[in-house]
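Thanks for asking me to look this over with you. Please keep the structure open beside these notes, and take the points in order.

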Amino acid sequence: MPLDGLFLHHLTNELQKCVGCRADKLHQPNRDELVILLRSAGFSGKLLITTRSGSVRLHITETSPDNPAEPPSFCRLLRKHLSAAKITAIEQADLDRMVFIRFMTYNEMGDTVYPFLAVELITGRANVILCEESGRIIDALHRSDIERSARLIQPGAKYRLPEAQVKLSPLTCDTSTLAEAILSLSSPLSSAILSVLEGVSPLVARELAKNVSESDEIANELSVRERSRLFEVLSAFKETAENPVPYIVKEQDGSIRDFSYLPITQYGGESSKEDSFSLLLDRFYGGKDTAARIRGMAQDILKLLNNLLARTERKLSYRLSDLEKSKNREELRIYGELIKANLYLIKSGSEIARVQNYYDENMGYIDIPLDPALSPAANAAKYFKEYKKSYTAEERLTSLIEEDKKEIEYIESVLDSLSRAETAAELTEIRAELSEAGYIHAPLSKKKRPVVSKPLEFISPSGFKVSVGKNNRENDLLTLKTAEKHDLWFHTKNIPGSHVILFTEGRTPSDEDLLFAASLAAGHSKAGQSDNVPVDFTEVRYVKKPSGAKPGMVIYTTNRTVYVKPQKSI
């Protein structure tokens, strides 16, 4: 990952503005994140620490992650030891991906104490460890396995630094020393740079090697001209490392690829400058983190719904098969009628009755299987009973199949809402919906009233308000309670998605307004990644909710259909 030791060095320098601040509030949005609200006379901000794989970092953030109703135990511990504590220092351990945040506060006895947080940003082993001034561990965000781990991270243990790699710092070593060490290695130049320079990521090592030689040749086989070029590149790099600029690294198509403290050209795109290292990280990880948080919080619901969907689809398959079999019931009735009409011709104990089929226009003969243990009359009664049973089964199966289809439609609608959920409040609404529908049994917490989210709102080209429901409860509220009868309702045709309302307010929207609302309906649906999506629309007065229907499930008539390109935000 690009958050290497040198990037962290520059970030730590930027975080010096936090020294002197007090920890006003501490939150733990999930098991991998901590947020410390800092305040002082001249500064206030949120310090985010993330140990989640793929986005390990530490910086000031402008985002506000949703917090759980009940703080986790490690968060409660931090509040006990660090609430109102003053930050006295923020230090990096050489160019390692480790930062120490030192505090001054008072214990329960009123004595001054100096706890610290060891923030280890090492990929795969990231952690936040709360320690006493003496180095005794109070607790950690992630404890180590007592039996398997060589480095013990447990309450009461002595804190020890991870084993450091022996490398040369580009901040303290002269250029000649760095170049000689690199040129002594018989590995590709990028690998040699990575193994020699402390605090350098593979991204930066590849960029330095590219600036020396496009072919990434073996380090100790470089030509005289390439050796001279290496010296120039390392000199420029040392200057850049001492005067860094935060850059967002882009691909040729303009999409964001990486970040660094120097321009990166290896992907063919341009690097754009950011105002600060913290803002850079906020921009780079913002969307990814939100999606990761929601995925983590929604895992139990997702698993439940997928299991329910699979089970209902299996039931539907079995019932459709049984219904197909029941379609032959008329044959059972005909067998009974023919046996009854030919009782005087059929001998008891026969296994087959060969009789004339007067239901056949050709009046041909038919062989009817018999149970030899039953009399002819009893065989006829048996066929009539099986016919009646089959008739009843068809009626019941038809009803059950319709219920299964509605169940599948509803579950798919919730899965679609879940895939587009972006906040904890939206997840809470989905949980509440499933609880009311009887799918989950965990009651909502009464200690803290959940925040209710609102539909998304947009303005059409002609100035009409367009609202988009984010889940089934919002869909019902929007369509059945908020919208007027002459407002326009939009929904993807036979595809799970949001209800979209175009509020007409007595005016007539243009075709451009209709396509605008339709494209939002397509974008906020399961077909959001498609190119040409059918969307039905009609006046709200033609949209009805059947009695007993699940949330978000409606029927509609008098509709028109348009095909549009999905748009999630316009």
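The numbered points below go through helices, strands and a few loop residues.

1. **Ground rules.** This is a predicted model, in which local features need pLDDT of at least 70 and side-chain atom pairs count only at pLDDT 80 or more, while totals for chains, interfaces and linings use all residues. Residues are numbered from 1 along each chain as its sequence is written, and side-chain values use heavy atoms, with hydrogens and water left out. Helices (H or I, at least four residues) and strands (E, at least two) are DSSP runs, numbered from the N terminus.

2. **Helix 1.** Start with helix 1, residues 5-14: eight of its ten residues are buried, so this helix is largely enclosed by the rest of the structure. Buried means under 20% relative accessible area, exposed means over 50%, and partly exposed lies in between (1.4 Å probe, protein chains only). Among the buried residues of helix 1 are Leu 6, Phe 7, Leu 8 and Leu 11, but His 10 and Glu 14 are on that list too.

3. **Strand 6 and its partners.** Strand 6 covers residues 98-106, and seven of its nine residues are buried. Two strands pair if DSSP finds at least two bridges between them. Strand 5 (residues 86-92) runs antiparallel to strand 6, and six bridges join them; Glu 91 faces Phe 100 across this pair. Strand 8 (residues 116-120) is an antiparallel partner of strand 6 as well, with five bridges, and there Arg 102 stands opposite Phe 116. With strand 7 (residues 112-113), strand 6 makes two bridges, again antiparallel, and Tyr 106 stands opposite Thr 112.

4. **Two hairpins.** Which residue in the turn between strand 5 and strand 6 has a positive phi? It is Asp 94, at about 50 degrees, in a hairpin with five residues between the strands. The hairpin of strand 6 and strand 7 also has five residues between its strands, and Gly 110 in that turn has a positive phi of about 90 degrees.

5. **Helix 3 against helix 4.** The axes of helix 3 (residues 175-183) and helix 4 (residues 189-196) come within 9 Å and cross at roughly 125 degrees. That angle makes helix 3 oblique to helix 4. Axes are lines fitted to C-alpha atoms, for helices over the stretch in contact, and angles run from 0 to 180 degrees between N-to-C directions. Angles under 35 degrees count as roughly parallel, over 145 as roughly antiparallel, 65 to 115 as roughly perpendicular, and the rest as oblique. Contact (heavy atoms within 4.5 Å) involves Leu 178, Ala 181 and Ile 182 of helix 3, with Leu 189, Ala 192, Ile 193 and Val 196 of helix 4. These contact residues divide into seven nonpolar, no polar and no charged. Here Ala, Val, Leu, Ile, Met, Phe, Trp, Tyr, Cys and Pro count as nonpolar, Asp, Glu, Lys and Arg as charged, and the others, Gly among them, as polar.

6. **Helix 5 against helix 6.** Helix 5 (residues 202-212) and helix 6 (residues 224-242) pack at about 135 degrees, with their axes 8 Å apart. They are therefore oblique to each other. Helix 5 brings Val 204, Leu 208, Asn 211 and Val 212 to the contact, and helix 6 brings Glu 226, Arg 229, Leu 230, Val 233 and Phe 237. How do these residues divide? There are six nonpolar, one polar and two charged.

7. **Two loop residues to check.** Most residues other than glycine have a negative phi. Asp 216, in the loop between helix 5 and helix 6, has a positive phi near 50 degrees; Asp 216 is partly exposed, at 28% relative accessible area. Asn 494 has a positive phi too, near 60 degrees, and is placed in the loop between strand 18 and strand 19. Is Asn 494 buried or exposed? Asn 494 is exposed, with a relative accessible area of 75%.
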